[in-house]
Amino acid sequence: MRGEGANDPVVTERFSGMVDARQRVTGDVGYTIDLTLPAMLHAKVLRSTSAHARIKRIDVSRARQVPGVVAVLTGADLVNRGDLQPYFGPVYRDQPILAIDKVRFVGDPVAAVAAVDLDAAREAVDLIEVEYEELPAVFTIDEALAEGASLVHEGPPRTGETFADVIVKPTAGTNICNSFRLRKGDIEVGFAESDEVFEDVFTSPPVQHVPMETHACIADVSGGRVTVWSSTQIPFVIRTQLAEIFRLPQSKVRVIIPTLGGGYGAKCYPKIEPLTAALSLVTRRPVRFHLTREEEFLTITKHGVRIRLKTGLKKDGTIVARQSLCHFNTGAYADIGPRLIKNGGYGTGGPHRIPHVAVDSHAVYTNIVPAGAFRGYGISQAAWAYETQMDMIAERMGIDPLELRMKNLLDDGDTVMTGEPMEDAHFKELLADATSYIGWTPEDHEPVRDGSKVRAKGFSCIIKGTVTPSTSTAAAKLNEDGSLDILTSSVEMGQGLLTALAILGGEPLGIGVDRVNVSTPDTDVTPYDQQSSSSRSTYAMGTAVQRAVREIRRKLFEHASELLEVSVDDLEIADGAVVVKGVPERALDFGAIVRKTRSGNIVGEATYRTEGGLDPETGQGIGSVHWHQAAAAAEVEVDTETGKVTLLRYHGGVYAGRIINPVQAELQTEGNLAFGIGQALYEEMLFDNGQLQNGNLGDYMIPSFEDLPREVDINVLEYLPADEIHGIGETSLPPVMPAIGNAVARATGVRIVDLPITPEKILRGLRELDARRATAEEVPIR
Amino acid sequence: MTLATDGANGPAPLPTDEDGKLTLTLRVNGRTERVEARAHHTILQVLRDELNLYGVREGCGIGMCGACTILLDGRPVSGCLLLAPQAVGHEITTIEGLESPEGELHVVQQSFVDHTGFQCSYCTPGFILATTALLEEKPDVTADEAREYLAGNLCRCGSYVKIMDSVLDARDRLAARRTGGSGQ
């Protein structure tokens, strides 16, 4: 928060790296899957082979006979117990722990086995017999919205406690599980005032997060408590939901989170924890459940989305109106879809100054794998639409695409789509840096041909919010030797959170990361944090941690003031000690203060809450506590004979406010490039009648070394006068796909509006262009 | 490569206990280890579950991602594709075997630390082991060759730029060491 660090000691040396680097290169870092408990059982799940069906019969008798099997569990067993609330979900409680009465997608868990080893569990799963009565299924948005469409969920959604920012508006009797609406200005007036109006449709497919560590959970239900170790990004939501399921006070549920092997949103919200805990309940033994890669693909995806975008402009290129209709395919269970459509919906407003904006954004149930949080949280899909359309408009209007953007990008004081004034805007600077790196000039951006290969450049610029309002709390303890413990429930998943909090926590006391330890989450011990997502942790938890440590500093000064018999105002911090200003020999090191006052330790705690939220009817209010900003520029080479796209050069720019850990900031931005290349060029989960066709790493490619451009330039833009930290975990991802897409379109003349940009689509487009040219040549020009 | 179970007349039957388990003698990180495993268990599973070597990790289960890379007689192989009995008679190296007995990191590990060639680091042991094998094979490897060699190791966090910095720096340090330089 701005201004709070005014009295912090001046930091002279900036730490850059990871505090647990040694553990990370020796294999010693400790993930959930590395834990073993005495008498621990292993779980396996039988999954639905039908996309939508009633369960007529399940026979588990042969499975129960397998030596080593301790329990076989079905949804009916959970219902029959009567002591559980067998549904979960972060907004709606629509997802059963195991299918109850019906299955809703191919891969839906139907029955589970806990056994002494995986071999026995696997054998038992193979022996479970299920008879289904098939129901009509819906897979696409059109099928789900059709008149008389089969309903994925009947009846009104089961609601429960959820996040403060979630607006719940389901449409009864349809597959629309939630809608978000935004009205800024008057869209009709906007189009009436427009000289040109362009309407285009863009789609993004479902893709999978593919964290290298798949979901893993160990549960131990004993002694009246539920304890889970889980690879989750959100400890306190897991706790809330397990308390609800097991009908326990939250204090009787304990969630412990070792470091994660990647998350990217896949590990937000409950996934396998309820089932693992249920198996522990029935077996009275600890149970481990670790998804195979194939199961990971059946657990959660990025939303497939269709966005219809209508943009009205003045002749000179000034945007005056934008209307969007967004349909997010949220799959068989809502997960966080009902909230994500808000961000994805308002996100279509883009980083532009537009007086009239209207958004209707819907989450639609279908019979495919549930979709949920995914790095970028709806903004990638929105940015793919508006940044592709910006180039299409520029071409149609004969305006340079950079000029068109520069004319419309937000400046300080302009109102963003949710109606609040923009502050600390850096869009233009980021985009100028990006385009300058690839050498973009309005005069010279024609494609360059070399035989069958053609090169061209493209770029993009995006805006992203962070969840608002939100809450983080932290505690810190100063020990007898002057070292510092930080207690936090933020999750380390590779983004370098432990390091960032160690740096930030040390700052108010002027101590380095070597004297600071940052905890991993344990809900019995570490204070509340809302979620490690939305690029919020370094900013929100970082602020809470700094406040907690400043509380310690206040107490240190009070103690030192008594011990040294001087006023608090005459004290300062230097080299791990409280010193009388101007009298360096009158000093007490931190440890001495703790010892002399017999404090045991000096404890500080603090909360950081952001305020805001949107009006449910107009989507106006405070959309984000501050706005994340990024730009990208790419140069590609397309082989017009094969359709293959090679990314030659790439510049990723992101606004960081204050950079906390330079190398980590670069890594996040480089990582977003790698992540985005896959989504731009080939990642797509392919379904055939609801059956996933490519759910393994043989058929579903993710970027390797060979996909990266030879030249990568990263601009993590720091602007210290703003005195604020901006999250950068996701921000530089959304611009990757449109930057590449715009370059490919410029190179080939083929405009692809449906991700990914595959060689097949390029070749088909080139053939159509050739056919059109041939036809045109036959027509005599008059 | 000749594998232990390959006899001249096909694989010889191996004696198992009543639980279907074989007793295997493995050479792991310079030590001799006796483990119990069923014939279909992979070396990945055995190294983790029987020997508590958690640096070898499953990522895909089908040999596509490299997270379970181990060195078998110095060459990188996917632990998820190698059955434990096939590893008998070979020298296995895991990430836990790279440090010196005094706890000094291998040059490749140190380079990864110095360049922060990782984020979540789930894939890191695989990358480091593959890199050590690469630099044994090709001490003067170029960036392009390294890219091709390491294309079988996937990093979803996308730390590739800094991984390449780490690999090339390790190459240079090892070269300096060979020519009598400080290696730093």
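Colleague: In this predicted model, how many bridges pair strand 24 of chain A with strand 25 of chain A, and in which sense do the two run?

Modeller: Strand 24 of chain A and strand 25 of chain A, the latter spanning residues 583-589, are antiparallel and pair over 4 bridges.

Colleague: How should I think about the side chains along a strand?

Modeller: In a regular strand, side chains point by turns to one face of the sheet and then to the other.

Colleague: Turning to chain B, in what order do the strands of its open sheet lie?

Modeller: The open sheet of chain B holds 5 strands in the order 2-1-5-3-4, with mixed pairing. Strand 2 (31-38) and strand 4 (75-78) of chain B are the edge strands, each pairing on one side only. On average, and with direction ignored, neighbouring strands of the sheet are turned by 45° against each other. One of the pairings is that of strand 1 (residues 21-28) and strand 5 (residues 91-93) of chain B, which is parallel and has 2 bridges; there, Val28(B) has Ile92(B) in strand 5 of chain B as its bridge partner.

Colleague: Which strands does helix 3 of chain B lie across?

Modeller: Helix 3 of chain B, residues 124-137, lies across strand 3 (69-72), strand 4 and strand 5 of chain B, and runs at about 30° to strand 3 of chain B.

Colleague: Stepping back to chain A as a whole, why can it be called as compact as a globular protein of its length?

Modeller: Chain A has 19 helices and 33 strands. Its radius of gyration is 27 Å, close to the 28 Å that the globule rule gives for 782 residues, so chain A is as compact as a globular protein of that length. Along the principal axes, the C-alpha trace of chain A spans about 100 × 75 × 50 Å, and 58% of the 782 residues of chain A count as buried.

Colleague: Which residues have the most contacts inside the largest nonpolar core?

Modeller: They are Val113(A) and Ile740(A), in a core of 291 residues. Helix 15 of chain A (residues 537-564) contributes the largest share of this core, 11 residues. Leaving aside residues up to four places away in sequence, Val113(A) touches several others, among them Ala43(A), Lys44(A), Val72(A) and Val125(A).

Colleague: Finally, how does one describe an interface, and how many residues of chain A are in contact with chain B?

Modeller: Interface size is often given as the accessible area lost when the parts come together. Here the description rests on contacts, with 40 residues of chain A in contact with 39 residues of chain B. On the side of chain A that touches chain B, the elements giving two or more residues are helix 1 (21-25) and helix 17 (662-681) of chain A, and helix 17 of chain A gives the most, with 7 residues. By type, the residues on that side of chain A are 20 nonpolar, 12 polar and 8 charged.

Terms used:
Residues numbered from 1 in each chain as written. Chains lettered and ligands numbered in written order. Predicted model: local features only at pLDDT ≥ 70, side-chain atom pairs only at ≥ 80, totals over all residues. Contact = placed C-beta atoms within 7 Å. Nonpolar A, V, L, I, M, F, W, Y, C, P; charged D, E, K, R; others polar. Pairing = 2+ DSSP bridges. Axes fitted to C-alpha atoms, helices over the stretch in contact; angles between N-to-C directions. Core = buried A, V, L, I, M, F, W, Y, C linked by C-beta atoms within 7 Å. Buried ≥ 20, exposed ≤ 12 C-beta atoms within 10 Å, placed from the backbone. Rg over C-alpha atoms; globule rule 2.2 N^0.38 Å.
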